[in-house]
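Student: Hi! I'm new to this one and would like a friendly walk through it. Can we start with the pockets and then see where the chat goes?

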Amino acid sequence: EKPTNFFTRQEIEALQRVAPPEVRPLLEFAIATGMRQGEMRALRDADVHLDAEVPYVTVRYGKPPKAPTKGGHPRDVPLLPMAVRALGDWYAVRATWAPFNPKGLTFPAQRGGFRSEGKFLGRDNQALWKGMLAEARVTRHLVWHDLRHTAATALLGGYFGRRWRLEEIQQLLGHED
């Protein structure tokens, strides 16, 4: 069985430094929310609530366009400051990177549709990912889903301020148990 992998704080910082401007906000948002890749691919601007007292997103879909979440029901995910900042950075990039967005997707593909499953970073997904890991000097085999493990580990360890309880992390990630 493959051990659970996650990025250390130093590896997160190194990835932030080496990631291209159209990728860095995606990494930061994934790390700060723990959302699955499919959930991010399906997220719509209408479900992003930055003006709430505590900003949050409503996760309604697991895989685009309308598959339910893995847990089978929508959940609200509070946005930590890193996620709010990442969204602001992404919206600034998205305006020119993917100006055509008829579905109102938060993270559309460059042509305005859903990002492809397994190619969240685009056609050169694997090469880009491996290149960023190499440049950040991450020598372990880590995949995009490990950003979700990183979110849980970071919350448990208090990377974003206070240490979260396991029950809070469970709810944030949408785990049944």
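Student: Okay, how much space lies in the largest pocket?

Tutor: About 470 Å³ of space lies in the largest pocket. Before going on, this is a predicted model, where local features need pLDDT of at least 70 and side-chain atom pairs count only at pLDDT 80 or more, while totals for chains, interfaces and linings use all residues. Residues are numbered from 1 along each chain as its sequence is written, and side-chain values use heavy atoms, with hydrogens and water left out.

Student: Which residues lie nearest the centre of the largest pocket?

Tutor: Trp 97, Gln 110, Leu 121, Gly 122 and Arg 123 do, out of 17 lining residues. By class, that lining has 8 nonpolar, 3 polar and 6 charged residues. (Nonpolar covers Ala, Val, Leu, Ile, Met, Phe, Trp, Tyr, Cys and Pro; charged covers Asp, Glu, Lys and Arg; the others, Gly among them, are polar.)

Student: And what about the second largest pocket?

Tutor: That one holds about 310 Å³ of space. Its lining has 19 residues, with Arg 36, Gln 37, Gly 38, Lys 63 and His 145 nearest the centre. The classes there are 6 nonpolar, 6 polar and 7 charged.

Student: Which helix gives the most to that lining?

Tutor: H3 does, with 4 residues. Helix H3 (37-42) and helix H6 (146-157) each supply at least two. Helices (H or I, at least four residues) and strands (E, at least two) are DSSP runs, numbered from the N terminus.

Student: New topic: how many salt bridges are there?

Tutor: A search of the whole structure finds 12, each being a side-chain nitrogen of Lys or Arg within 4 Å of a carboxyl oxygen of Asp or Glu. One of them joins Asp 89 and Arg 24 at 2.8 Å, N to O. That pair links distant parts of the chain, 65 residues apart, with Asp 89 in helix H4 (residues 81-97) and Arg 24 in helix H2 (residues 24-33).

Student: Which residues are linked with those two in a network?

Tutor: Glu 28 and Arg 85 are, in a network of salt bridges with Arg 24 and Asp 89.

Student: What does Asp 47 pair with?

Tutor: Its side chain meets Arg 60 in a salt bridge of 2.7 Å, N to O. Asp 47 lies in the loop between H3 and strand S1 (48-49) and Arg 60 in the loop between strand S2 (56-59) and strand S3 (75-78), so the pair ties together parts 13 residues apart in sequence.

Student: Is Asp 47 buried or exposed?

Tutor: Buried, at 7% relative accessible area, whereas Arg 60 is partly exposed at 38%. (Buried means under 20%, exposed over 50%, partly exposed in between, with a 1.4 Å probe and protein chains only.)

Student: Last one: where does Thr 69 lie?

Tutor: Thr 69 is in the loop between S2 and S3, and is buried, with a relative accessible area of 4%.

Note on methods:
1 Å grid on protein atoms, 1.4 Å probe; cavity = no way out; pocket = protein on both sides within 12 Å on 5 of 7 lines; lining within 4 Å. Points joined across faces, edges and corners; volume = space filled by probe spheres on them.
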